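Dear colleague,

I am passing this structure on to you, and my notes on what was found in it follow directly below. Please read them with the model open beside you.

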Amino acid sequence: MAGDLHTHTNFSDGSFSPEELVVAAKKIGLHYLGITDHDTVDGVRYLYENGLYPGRGVNIIPGIELSANHPERDIHIVGYNIDIYNEALLEMIDKIIEARWERFSEIIGILQAKKFNIREADVLKIAGTSRSIGRAHIARTLVRIGAFKSVRDAFDKMLGKGKPAYVPRYLPEVDEVIDVIHQAGGKAVLAHPKLVGDDELVEELCKKMDGLEVYYPFHKPSEVQHYFFLAKKYDLLITGGSDFHGTSSRFVNELGEFTISDALAEKFFVEPRN
């Protein structure tokens, strides 16, 4: 079969619970599942603390997707096979989440000043179990109240960079993110390089990484080839995934629509200690 090493649960901005995601992966026969929530390991911790990880039927790879600071570009780094209880990692997560909450309140204030009928409580209801409150939750709320037709529409007109309700937030530096992933025993992988929007920057970042997300739904065949050779050039692990969030606003609608081979996925799997 195959694997998907880039997925999200409702502990960040996905719509599936960790259990639902694992069940869906088992149902379609995935051998490997990377759970890579934004700025949190709470989803994987939930599985572990409820006796659901490690489990049978699918090999779960604990991960996290962290954003790194850059003045113009969005840089996302995925850490794989991390120690979900590592102190340095948890300290960074706490700092990032605190900044997320501060930005959340500021964005809501801006939207209210612009006469949008939105409250913090409305967003928190949609966020559910997530401590990692982000713009996606706000966008979903704006769609629910009828302010915009879709999440993408909300980002394009109001929440995206340079738009009226965009608020920057604290982000750690690239080297800090890589260092904390390594401290947690993990591998640092540059996520969806095409979305960085600058291949010269991507190549510079490759010099620091352990791996590169070559296979991604947004990548055209020519781009996949380019990133494949870039990974080979810098002796990087090659990975890929769907970036599944469980919503139709993303690149895939269903888990299993986009996968990578076992041969690639198994390189990221380490048998968990009971």
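A search of the whole structure, which is a predicted model, finds nine aromatic pairs, where rings of Phe, Tyr and Trp (its six-membered ring) pair if their centres lie within 6.5 Å, and where planes under 30 degrees apart count as stacked, over 60 as edge-to-face and the rest as tilted. The rings of phenylalanine 16 and phenylalanine 244 have centres 5.1 Å apart and planes at 90°, so this pair is edge-to-face. The pair links distant parts of the chain, 228 residues apart, since phenylalanine 16 sits in the loop between strand 1 (2–7) and helix 1 (18–28), and phenylalanine 244 in the loop between strand 7 (237–240) and strand 8 (260–261). Helices (H or I, at least four residues) and strands (E, at least two) are DSSP runs, numbered from the N terminus. Phenylalanine 16 is partly exposed, with a relative accessible area of 25%, whereas phenylalanine 244, at 1%, counts as buried; here buried means under 20% relative accessible area, exposed over 50%, and partly exposed in between (1.4 Å probe, protein chains only).

The rings of tryptophan 101 and phenylalanine 104 have their centres 5.8 Å apart and their planes at 80°, so they too form an edge-to-face pair. Both residues lie in helix 3 (residues 87–113), three residues apart, which is about one turn of the helix. Tryptophan 101 is partly exposed at 33% relative accessibility, while phenylalanine 104 is buried at 2%. Ring pairs also link Tyr48, Tyr53 and Tyr85 into a cluster.

Before I go on, two notes on the basis of these values. Residues are numbered from 1 along each chain as its sequence is written, and side-chain values use heavy atoms, with hydrogens and water left out. Because the model is predicted, local features need pLDDT of at least 70 and side-chain atom pairs count only at pLDDT 80 or more, whereas totals for chains, interfaces and linings use all residues.

Two packed helices are described by the angle between their axes and the distance between the axes. Helix 5 (135–144) and helix 6 (residues 151–159) pack at an angle of about 105°, with axes 9 Å apart; axes are lines fitted to C-alpha atoms, for helices over the stretch in contact, and angles run from 0 to 180 degrees between N-to-C directions. These two helices are therefore roughly perpendicular to each other, given that angles under 35 degrees count as roughly parallel, over 145 as roughly antiparallel, 65 to 115 as roughly perpendicular and the rest as oblique. Arg135, Ala136, Ile138, Ala139, Arg140, Leu142 and Val143 in helix 5 meet Val151, Ala154, Phe155 and Leu159 in helix 6, contact meaning heavy atoms within 4.5 Å. The residues of this contact divide into nine nonpolar, no polar and two charged, with Ala, Val, Leu, Ile, Met, Phe, Trp, Tyr, Cys and Pro counted as nonpolar, Asp, Glu, Lys and Arg as charged, and the others, Gly among them, as polar.

The axes of helix 3 and helix 7 (residues 174–183) come within 8 Å and cross at roughly 140°, and that makes helix 3 oblique to helix 7. Ala88, Leu89 and Met92 of helix 3 and Glu176, Val177, Val180 and Gln183 of helix 7 make the contact, which by class has five nonpolar, one polar and one charged residues.

Some single residues also deserve a look. Aspartate 4 lies in strand 1 and is buried, at 0% relative accessibility. Its side chain is joined to that of serine 242 by a polar contact of 2.5 Å, that is, a pair of N or O atoms within 3.5 Å, of which, within protein, one must be able to donate a hydrogen and the other to accept it, residues adjacent in sequence counting only if both atoms are side-chain atoms.

Serine 132 is found in the loop between helix 4 (120–127) and helix 5, and is buried with a relative accessible area of 2%. A polar atom of its side chain lies 3.0 Å from the backbone oxygen of histidine 38. Not counting residues up to four places away in sequence, serine 132 touches Phe11, Ser12, His38, Asp39, Thr40, Arg100 and His137.
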